[in-house]
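Morning, everyone. Have a look first, then we'll go pair by pair.

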Amino acid sequence: MDETSVQNRPARRSAAAPTRREVYEAGVRRRSNRIALISTISVVLAIVVLLPLSPGWDAVQRAFFNGRVFVATFPGLLDAFLLNVMIFAWSAPLIAVTGLAIALCRDTRAPALFPLRLFGIAYTDIFRGLPVVLVIYIIGFGVPGLGLPRPWNSPYIWGTLALVLVYSAYVAEVIRSGIDSIHQSQRSAAVSLGLSDQDTMRFVVLPQAIRNVVPANMNLFIALQKDVALLSFIGPVEIFRQAGVYKSLYANFTPYVGAALIFLALTVPATRYADYLMNKQNRARR
């Protein structure tokens with residue numbers, strides 16, 4: 001072993017050792033984690049101990065947390081939830097395609113296509129400004145009122161259309177924000193390589209824009225899964241309506257708690273995954 005490597009060994013060892021600042025920050029993190037854990041346990045214990053001591057707890061427990069009713073109704077709620085999943089499954093692709101088309105309309109820069117841009121602006125302004133349930137009522141009851149023959153008077157068709165119209169406006173704005181986030185130099189470089197405006201959008205801008213807005217659109221699709229329950233107002237017996245049927249049958253609110261647990265079992269992992277994607281994207285930008 002030569003003399004130079006022997007002399008450099010202490011230097012490398014000292015470089016690997018944590019600095020005083022790193023030691024201090026690690027201690028602060030450990031202290032913060034302990035405090036957070038203690039405060040969380042204290043709040044949970046307070047709820048568990050104090051809530052049953054409230055005067056109306058027995059009545060609330062019978063009305064919302066009845067084990068017998070939960071066991072009897074939960075399988076039926078799961079079956080009804082399959083309809084929610086089906087409506088979501090055929091609505092999500094339609095929303096993605098329509099939202100992309102509206103975003104491209106809003107981003108068009110050719111003077112001859114200005115009517116398309118005007119249409120995109122009007123579309124997003126109108127359907128972002130209307131409550132989802134109001135659009136469902138107007139389309140779900142209004143269109144079948146025209147006396148259309150089967151199957152064109154189906155609430156599944158017009159309820160899906162209402163969801164697509166509203167959520168496409170939100171998805172379009174998210175995609176447009178992703179398009180606007182791509183620096184103009186990217187377009188200029190594509191033009192300098194001889195790409196047309198259409199090819200620049202297709203091969204340069206859109207791939208980057210869509211990748212940037214995946215976390216935001218994930219949150220929108222999580223909201224869509226929950227808003228499918230609003231279609232129960234126009235007829236489909238999905239999980240929310242089925243819970244209402246069971247509530248009337250058993251004179252008990254426990255089926256709503258069961259429906260809430262089913263929604264949480266789906267939306268909480270999806271929300272955590274969306275947060276993971278956002279954090280990953282933020283770390284990549286640093």
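Start with α8 and α9: the crossing here is right-handed. This is a predicted model, so keep that in mind throughout. Helix α8 covers residues 184-192, and its axis lies 10 Å from that of α9, at an angle of about 155°. Over 145 counts as roughly antiparallel, and therefore α8 and α9 fall in that class. Who touches whom? From α8 we have Gln186, Arg187, Ala190 and Val191. They meet Thr200, Met201, Val204, Val205 and Gln208 in α9. By class, that contact holds five nonpolar, three polar and one charged residues.

Next pair: α4 and α11. Helix α4 runs over residues 67-107, and α11 over 239-250. Their axes come within 8 Å and cross at roughly 155°. That makes this pair roughly antiparallel too. The crossing is right-handed. On the α4 side, the contact includes Arg68, Val69, Leu77, Ala80 and Phe81. On the α11 side, Ile239, Gln242, Ala243, Tyr246 and Tyr250 take part. The contact has nine nonpolar, four polar and one charged residues.

Now α5 against α7. Helix α5 is residues 114-129, α7 is residues 155-181, and the axes come within 8 Å. The crossing angle is roughly 120°. That makes α5 oblique to α7. The handedness is left-handed. Tyr123, Thr124, Phe127 and Arg128 are the α5 residues in this contact. Their partners in α7 include Val164, Leu165, Ser168, Tyr170 and Glu173. The tally is eight nonpolar, two polar and two charged residues.

So much for pairs. What about the cores? The largest nonpolar core has 37 residues. Which of them have the most contacts inside it? Phe127, Ile136, Ile139, Leu163 and Ile179. At least two residues each come from α4, α5, α6, α7, α9 and α10. The largest share is from α7, with 13 residues.

Then there is a second, separate core of 10 residues. Leu77, Ala80, Phe81 and Ile239 are among them.

Last stop, Ile179. Leaving out residues up to four places away in sequence, what does Ile179 touch? Leu104, Asp107, Arg187, Met201, Val205, Leu206 and Ala209.

Methods: Residues numbered from 1 in each chain as written. Predicted model: local features only at pLDDT ≥ 70, side-chain atom pairs only at ≥ 80, totals over all residues. Heavy atoms only, no water. Axes fitted to C-alpha atoms, helices over the stretch in contact; angles between N-to-C directions. Helix = DSSP H or I, 4+ residues; strand = E, 2+ residues; numbered from the N terminus. Parallel < 35°, antiparallel > 145°, perpendicular 65-115°, else oblique. Left-handed = near helix turned anticlockwise from the far one by under 90°. Contact = heavy atoms within 4.5 Å. Nonpolar A, V, L, I, M, F, W, Y, C, P; charged D, E, K, R; others polar. Core = buried A, V, L, I, M, F, W, Y, C linked by side-chain atoms within 4.5 Å. Buried < 20%, exposed > 50% of the residue type's maximum accessible area, 1.4 Å probe, protein only.
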